[in-house]
Amino acid sequence: MTKISIVGAGMTGATAAHWLAERELADIALVDVVEGMPQGKALDLLQAMPVIGKDVRIAGSNDYAVTEGSDIVVITAGLPRKPGMSREDLLNTNADIVKKATEETLKHSPNAIYIILTNPLDTMCYVTMKTGGLPRERVIGQAGILDSARMRAFVAMELGVSVENVACYVLGGHGDSMVPLTRHSNVAGVPLNEILPADKLAAIVDRTRKGGGEIVALLKQGSAFYAPSVAIAQMAEAILKDKNLIVPSSVYLQGEYGLQDVFFGVPAQLGRGGLVKVIEYTLNAEEQAEVQKSAEEVQASVAELKL
Ligand code: TXD
């Protein structure tokens, strides 16, 4: 049976398990350091399966042995942002956690594909790839689906159209310097910059960039978890079903977009082997400059790492 393990059974990890179980994609294992918590959440979710009619085995443990034989490992373990805290503040604490999670899961699932969520996201992807000595195809960061979905939601609300008609593409690091592409984003094929007045569009771009912080400020403890975790489910489904789905993801660049040796949010085609292909848009000078600036922020964060 196909299996997905989730390290970190907190808000995003457990909610991802929920979305995944609903899709009946794979058996699920939850791992966390908090005693009893992954076991309790797994049992609770398992008991929901008869009601929704899904045959999914779900186990929770504080021991990595439960992850044995995973096709996909999702890492959400770490500390979330507190109000006023930047994603970079979390850097070294979370790097140690992600390093351990990578080492331990690889022992039990040497062929797993990794989906990373822990912040600072692009840097944590780098930690997993380096720690595991993994090829770039097997380490993919989740940020872009979320950032793009936020923008899609705002555009749909503004125009009063179905979210299904709105396609948005956000490139860049998962930080406030992310690059929402307004020329490429569209409503039923019409580019956003032709459909929305400049001030409305600028406001949507700004709200998208600060979308994570807006929720952190409202929640007062913890950060967003519904939208980030459904993004994990979409990525896992694309991989397991070999869909070749193109979604914005953080992947390791080797010259694409003029960038080297950095994890960065770009449209990525996902299939059974993980990353199949990076899709390159033609950017104008202004967009390329924004991409460069965002990449420099990610590179600075990696440079601060004590691996
Ligand atoms: O889009 C994105 N990439 C993001 C990322 C969207 C939302 C959240 N984002 C980041 O994911 C966030 O900034 C954090 O770095 C992670 C996890 O966020 P979440 O909201 O799920 O945090 P929780 O609820 O605190 O859950 C984290 C769990 C918690 O249960 C801890 O006990 C556990 O991680 N944890 C560990 N598990 C296993 N092993 C170790 N060492 C460990 N340390 C903490």
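**Notes on the model**

1. P120 sits in the loop that runs between β5 and α4; helices (H or I, at least four residues) and strands (E, at least two) are DSSP runs, numbered from the N terminus. The peptide bond joining N119 to P120 is cis, with omega about -5°.

2. A word on the basis of all this: the model is predicted, so local features need pLDDT of at least 70 and side-chain atom pairs count only at pLDDT 80 or more, while totals for chains, interfaces and linings use all residues. Residues are numbered from 1 along each chain as its sequence is written, and side-chain values use heavy atoms, with hydrogens and water left out.

3. Overall, the protein has 10 helices and 12 strands. Its radius of gyration is 19 Å, close to the 19 Å that the globule rule gives for 307 residues, so the protein is as compact as a globular protein of that length. That radius is taken over C-alpha atoms, and the globule rule is 2.2 Å times the number of residues to the power 0.38. Along the principal axes, the C-alpha atoms fill a box of roughly 50 × 45 × 40 Å.

4. The domain assignment gives domain 1 (3-141) and domain 2 (144-305); such bounds come from an automatic or database assignment. The centres of the two domains, taken over C-alpha atoms, are 22 Å apart.

5. How many residues of each domain are in contact with the other? Domain 1 contributes 41 and domain 2 contributes 47, where contact means heavy atoms within 4.5 Å. About 3,700 Å² is buried between the domains, and carbon and sulfur atoms give 68% of that area. Buried area here is the accessible area (1.4 Å probe) that two parts lose on being put together, summed over both.

6. For polar pairing across this interface, the rule finds 12 residue pairs in polar contact, both residues at pLDDT 80 or more. A polar contact is a pair of N or O atoms within 3.5 Å; within protein, one must be able to donate a hydrogen and the other to accept it, and residues adjacent in sequence count only if both atoms are side-chain atoms. On the side of domain 1 that touches domain 2, α1 (11-22), β4 (72-75), α3 (91-108), β5 (113-116), α4 (121-132) and β6 (139-141) each supply at least two residues. Helix α4 gives the most to that side, with seven residues.

7. Salt bridges deserve a look too (a side-chain nitrogen of Lys or Arg within 4 Å of a carboxyl oxygen of Asp or Glu). The count comes to 12 by this rule. One of them joins the side chains of D27 and R57, at 3.0 Å from N to O. This pair links distant parts of the chain, 30 residues apart: D27 is in strand β2 (residues 27-31), and R57 is in the loop between α2 (37-52) and β3 (58-61). Across the interface of domain 1 and domain 2 the rule finds three salt bridges.

8. Finally, please check N244, whose phi is near 55°, a positive value in a residue other than glycine. N244 lies in the loop between α9 (226-240) and β10 (245-254).
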